[in-house]
Amino acid sequence: MVDYIVVGTGLAGIAFTEKLAQEGKTFIVIDAEERSSSLVAGGMYNPVVLKRFTDVWKVKEQLTLAEVFYPALEEKLQISCWHPMALYRRLASIEEQNNWFQAADRPNLNAFLSPEIEKKQLDGVDLPFGLGKVMATGYLETDDLIPAYRQYLTQLGCYKKESFDYAALQYDEQGISYKGIQAHRIVFAEGFGLLQNPFFNTLPLDGTKGELMIVKIPNLNCDFMLKAGVFLIPIGNDLYKVGATYNWEDKTDDPTPAGKEELLEGLRSFITLDFEVVEHMAGIRPTVKDRRPLLGRSIESDRILVLNGLGTRGVLLAPYLAEQLYNYIEKDIALEENISIHRYKKFKLKK
């Protein structure tokens, strides 16, 4: 008998499993390792929505947890994956400069936006109206973290690489049974795979396809993240991540010529240097129509739970939401309505 089965090893699954470990709970983790948007994510974290100059929901609480959570994981796994790094927003006009000044003066944003516009020089980059600096930013190398965490779980003897068979799941008031594993509860953190889950597949998960490139730009010499038409993240050895596209129709993991062209066009809009495309990849982000996560119990059983819908901001959301779900289960602390699945009529729990 274990305390939990966790399905999924994206950022949501890792964060919840780590919370269980911190609290001394026992667990088995299951993942087919097939579709994980976390693996192909840019991994950038940023406390401000730069398109509209608005703050991110609960961002101070999220940052406080993330800044402890990820370095602790690095130490545990003996890897380097958490990289605090300056982020600059390229300003394209006088109007954008004025918008920046106004945003930086707001009480909810002045901790994150520098009030000064910087006139940095960067060879081969068009910066006619300067740059606005965003604080408390960086990126997470998910493609290093996730395989390392799976290996760690394997060494602990609590990891199964297999597709989850929903038909094999049995449950009653005492607990969960799955292929010989007895558990008190099960938490599904499957990302876009949730649409195949009979307990939660009527939730309004509307996956958004994102495409990303890694490019080599030998003469750029940029040591900060840059947000312009696309984002640019330096990852070493003249390599940069470039992203990301948003496609609400295509639900495949295949990179597309249209997506590649959109990224190239965005890059060429502010960089005049020659570059080489090293890799082009795609994944489906688990997004929700109201842009809020999906946490809560199944109406079939309070022992079957979900942690999903992290969307484009999973790096900061994952540790925060894992703690919220754990407290909901183990401490009977109610979830906020805007993250609970019980905000939807079909998932209202009986009083």
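**Figure 1. The helix α6 and the residue that follows.** Just after α6, Asp-332 takes a positive phi of about 60°. Here helices (H or I, at least four residues) and strands (E, at least two) are DSSP runs, numbered from the N terminus. The model is predicted: local features need pLDDT of at least 70 and side-chain atom pairs count only at pLDDT 80 or more, whereas totals for chains, interfaces and linings use all residues. Residues are numbered from 1 along each chain as its sequence is written, and side-chain values use heavy atoms, with hydrogens and water left out. From its first C-alpha to its last, the 17-residue α6 reaches 23 Å, close to the 24 Å expected at 1.5 Å a residue; the expected span is 1.5 Å times one less than the number of residues. Of the 17 residues of α6, 14 are buried (under 20% relative accessible area; exposed is over 50%, and partly exposed lies in between, with a 1.4 Å probe and protein chains only).

**Figure 2. The nonpolar cores.** A nonpolar core is a set of buried Ala, Val, Leu, Ile, Met, Phe, Trp, Tyr and Cys residues joined through side-chain atoms within 4.5 Å. The largest one has 100 residues, and those with the most contacts inside it are Phe-16, Tyr-70, Phe-188 and Phe-200. Helix α6 (residues 314-330) supplies the largest share of this core, eleven residues. A second, separate core of 22 residues includes Val-125, Leu-220, Ala-228 and Phe-270.

Figure 3. Eight strands form an open sheet of mixed pairing, in the order β8-β9-β7-β16-β17-β18-β15-β19. Two strands pair if DSSP finds at least two bridges between them. The strands β17 (residues 231-236) and β18 (residues 239-243) run antiparallel and are joined by five bridges; Phe-231 has Gly-243 as its bridge partner in β18. Helix α5 (residues 257-268) packs on the sheet, touching β15 (208-216), β17, β18 and β19, and its direction makes about 55° with that of β15. Axes are lines fitted to C-alpha atoms, for helices over the stretch in contact, and angles run from 0 to 180 degrees between N-to-C directions.

**Figure 4. The site of Cys-81.** The whole structure holds zero disulfides, a disulfide being a pair of cysteine sulfur atoms within 2.5 Å. For Cys-81, the nearest cysteine sulfur is that of Cys-158, 18 Å away.

Note on methods. Contact means heavy atoms within 4.5 Å.
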